[in-house]
Amino acid sequence: MAFFTVPPDLPSMPAKKFLRQYCGISLSLWRKIKQTGSIERCGIRILPNDSILPGETLTVTWKIECNIPSTRLPLTIAFEDEYLLIVNKPPGMLVHPTVSREEDTLANAIMYYYGQHHLALGFHPVHRLDRNTSGLILIAKRPDIQHQLINTRKNISRFYQAVICGHPPNTSGTIDAPIDRCPDSIIQRQIAPTGQTAVTHYRLLETFPDASLLELELETGRTHQIRVHLSGSGMPLIGDTLYGATSSLIQRQALHASRIIFQHPISEQLIAVESPLPEDLKKLVMNLRSH
């Protein structure tokens, strides 16, 4: 169930137009509302083409369908309110269930958390992280909120900390290189002129004899973007077996989603959430400092 109030500066219009154009109701959600839900004004059901006026509030319901099983798993919550959840994903955890991993993913953990708090919600991530990347993931509690945030994703600032092999050419810079799927792989990506635009900004935080600690900001969000950009620039992530090499110092790619900043889609307040480096990355940095 969701409530939407027509702003005073909008003219009278059909309920469907208001919900689709101004409330983040995607086409798929609209179909679900038509098939399984309702639109009400002052407790009275109305039709999609009925006109609504400024100041009126609509109550919209739809059937929540989620086939993700709940699993009791540790869950670190960095931020939560009525509309959003930001969790700190540990390394080694998938975001979504797969055929081979059905019950030990972040989605399973969140569905268990919702159930424990008697929340009838689905799983609506705004973005994702690779299995072996740790850190912050933004999750909407309703599909319309997810749709709004995805449509304004350029206004969401996502920062990462990464430990790379070697040193960057400058203390700060931008990697602007299109990314495409490798022709002989369904997983691996590469820098290629046929690919989608991909832009990553970096800033040097600390140097070691043969490595560096960087902060990175995504301007775009392509699959494996940071890993591909760093590897293609001759400074792969330590421990990245797909785009670099194994390391005796860490058992996964040294990449952590450390900070997220965005405007709240409902309150319009600026939300800024940070996550410190996890223990394996702290240990890696300490080892590099001691050499």
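This note goes through the predicted model point by point, from the overall fold to single residues.

1. Overall make-up. The protein has 6 helices and 18 strands. Its C-alpha atoms fill a box of roughly 70 × 40 × 40 Å along the principal axes. Of the 291 residues, 45% are buried.

2. Contacts along the chain. Residues 24 or more positions apart account for 64% of them.

3. Surface and charge. The protein exposes about 15,100 Å², and carbon and sulfur atoms supply 49% of that area. There are 29 positive and 26 negative charges.

4. Salt bridges in general. Side chains of opposite charge can pair when their charged atoms come close. The structure holds 10 salt bridges.

5. Lys 141 and Glu 80. These two form a salt bridge, with the closest N and O atoms 2.8 Å apart. Lys 141 lies in the loop between strand S10 (134-140) and helix H4 (143-151), while Glu 80 lies in strand S7 (residues 77-80), so the pair ties together parts that are 61 residues apart in sequence. Lys 141 has a relative accessible area of 6%, so it counts as buried. Glu 80 is partly exposed, because its relative accessibility is 31%.

6. Arg 142 and Asp 144. Their side chains meet in a salt bridge, at 2.7 Å from N to O. Both residues are buried.

7. Arg 252 and Asp 280. Here the side chains meet in a salt bridge at 2.8 Å, N to O. Arg 252 is placed in the loop between H5 and S17, and Asp 280 in helix H6 (residues 279-289), so this pair ties together parts 28 residues apart in sequence. Arg 252 is buried, because its relative accessibility is 4%. Asp 280 stands at 25% and therefore counts as partly exposed.

8. A nonpolar patch. Ile 186, Ile 187 and Leu 242 form a nonpolar patch on the surface. Together they have about 300 Å² of accessible area. Leu 242 is found in the loop between helix H5 (225-232) and strand S17 (255-263). Its relative accessibility is 32%, so Leu 242 counts as partly exposed. That value also meets the cut-off for patch members, which is over 30% relative accessible area.

9. Thr 59. This residue is found in strand S6 (residues 57-61). Thr 59 counts as buried because its relative accessibility is 18%, and the cut-off for buried is under 20%. Setting aside neighbours within four places in sequence, Thr 59 is in contact with Met 1, Ala 2, Phe 3, Ser 38, Ile 39 and Glu 40.

10. Arg 20. Helix H1 (residues 15-22) holds Arg 20. With a relative accessible area of 31%, Arg 20 is partly exposed. Leaving aside neighbours within four places in sequence, Arg 20 is in contact with Ile 25, Ser 26, Leu 27 and Trp 30. Arg 20 and Thr 220 are 200 residues apart along the chain, and their C-alpha atoms are separated by 26 Å.

Technical notes: Residues are numbered from 1 along each chain as its sequence is written. This is a predicted model: local features need pLDDT of at least 70, side-chain atom pairs count only at pLDDT 80 or more; totals for chains, interfaces and linings use all residues. Side-chain values use heavy atoms; hydrogens and water are left out. Patches are made of residues with over 30% relative accessible area and no salt bridge: like charges are joined within 9 Å, nonpolar side chains (Val, Leu, Ile, Met, Phe, Trp, Tyr) within 5 Å. Accessible areas come from the Shrake-Rupley method with a 1.4 Å probe; for residues, only the protein chains shown count as cover. A salt bridge is a side-chain nitrogen of Lys or Arg within 4 Å of a carboxyl oxygen of Asp or Glu. Helices (H or I, at least four residues) and strands (E, at least two) are DSSP runs, numbered from the N terminus. Buried means under 20% relative accessible area, exposed over 50%, partly exposed in between (1.4 Å probe, protein chains only). Contact means heavy atoms within 4.5 Å. Lys and Arg count as positive and Asp and Glu as negative; His and the chain ends are not counted. The place of a charge is taken as NZ of Lys, CZ of Arg, CG of Asp or CD of Glu.
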